[in-house]
Amino acid sequence: FPVTIPMERKVIVYENVIEMLEDAFSKSPNSICISDGDKQITYSDFWIETNHFGRYLYEVFNVTKTDLVGISLRRSAEQLVAVMGAMKAGAAYVPIDVSWPEFRILSVVKSSNLKVLVNEDVFLSFEKWLETQRELIAPLNNNISRGNVAYCIYTSGSTGLPKGCIITHENLLNYLTFANSYWSKKESLEVAYFSTLSFDFTITSVFGCWLNQGKLKVDIVTGK
């Protein structure tokens, strides 16, 4: 019998998760990236706004590589802008659920030594800052390496105080590359964003959707 030798697949090596997502976003810039109530945000517009948020964190709070940025916003387009913006600033994001008891929030904030905690007030401040910018806002170039931290997620604390688990860009790149091989490749992909940002599964649903140019639907859930 004849033997068929499969063609080798070209493997793209990314230095960080931002590069990986930028490549995916560029394939369908005018498609809807996030559906959040009445908001329909394209991949292109979302990418630009996250550039702006990263620049805001850098200029207002001096956020750079090795810093940790807490994200305490309800499930929304704004929350996702903050997550990506923090990563583009070179920082790692720390999800802090708005529904957590106050003592747990305080424990995580204290132990993680956050550079800034992004809540509704901070995001409103970002929007006001954006209105004052008269010139084109250039994206940051932080030379984020695979060894830099992408995010820090905290355990439930069932055996005591919550403990932070560091995930590097290399860790996340490896996982997303593996997970993406199992995603549906249909053209009209829609994914529900229903889990909390502090749950690791959320990485799969959010980033996996974006890597396949799908529509992430926030508006079908309560948004808490």
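Rings of Phe, Tyr and Trp (for Trp, its six-membered ring) pair if their centres lie within 6.5 Å, and a pair counts as stacked with planes under 30 degrees apart, edge-to-face over 60 and tilted for the rest. With that in hand, look at F25, Y43, F46, W47, F207 and W210, which form one aromatic cluster. The structure holds 17 aromatic pairs. One of them joins F194 and F201, a tilted pair with 6.2 Å centre to centre and 45° between the planes.

A word on what you're looking at: this is a predicted model, where local features need pLDDT of at least 70, side-chain atom pairs count only at pLDDT 80 or more, and totals for chains, interfaces and linings use all residues. Residues are numbered from 1 along each chain as its sequence is written, and side-chain values use heavy atoms, with hydrogens and water left out.

R104 lies over the face of W100, at 4.0 Å from the ring centre. R75 has its charged end over the ring of Y193, 5.7 Å from the centre.

Now for the helices (DSSP runs of H or I, at least four residues; strands are runs of E, at least two; both are numbered from the N terminus). Helix 2 (residues 43–61) packs against helix 5 (residues 120–132) at an angle of about 100°, with the axes 10 Å apart; axes are lines fitted to C-alpha atoms over the stretch in contact, and angles run from 0 to 180 degrees between N-to-C directions. That makes the two helices roughly perpendicular, a label for 65 to 115 degrees (under 35 is roughly parallel, over 145 roughly antiparallel, the rest oblique). Contact here means heavy atoms within 4.5 Å. On the helix 2 side the residues include F53, Y56 and F61, and they meet a helix 5 set that includes F123, F126 and W129.

Helix 7 (residues 201–211) is mostly covered, with 10 of its 11 residues buried; buried means under 20% relative accessible area, exposed over 50% and partly exposed in between (1.4 Å probe, protein chains only). F207 and W210 are among the buried ones. F201 counts as partly exposed because its relative accessibility is 37%.

You'll find T66 in the loop between helix 2 and strand 3 (68–71), where it is exposed, with a relative accessible area of 72%.

Key: Lys NZ or Arg CZ within 6 Å of the ring centre and 35° of its normal.
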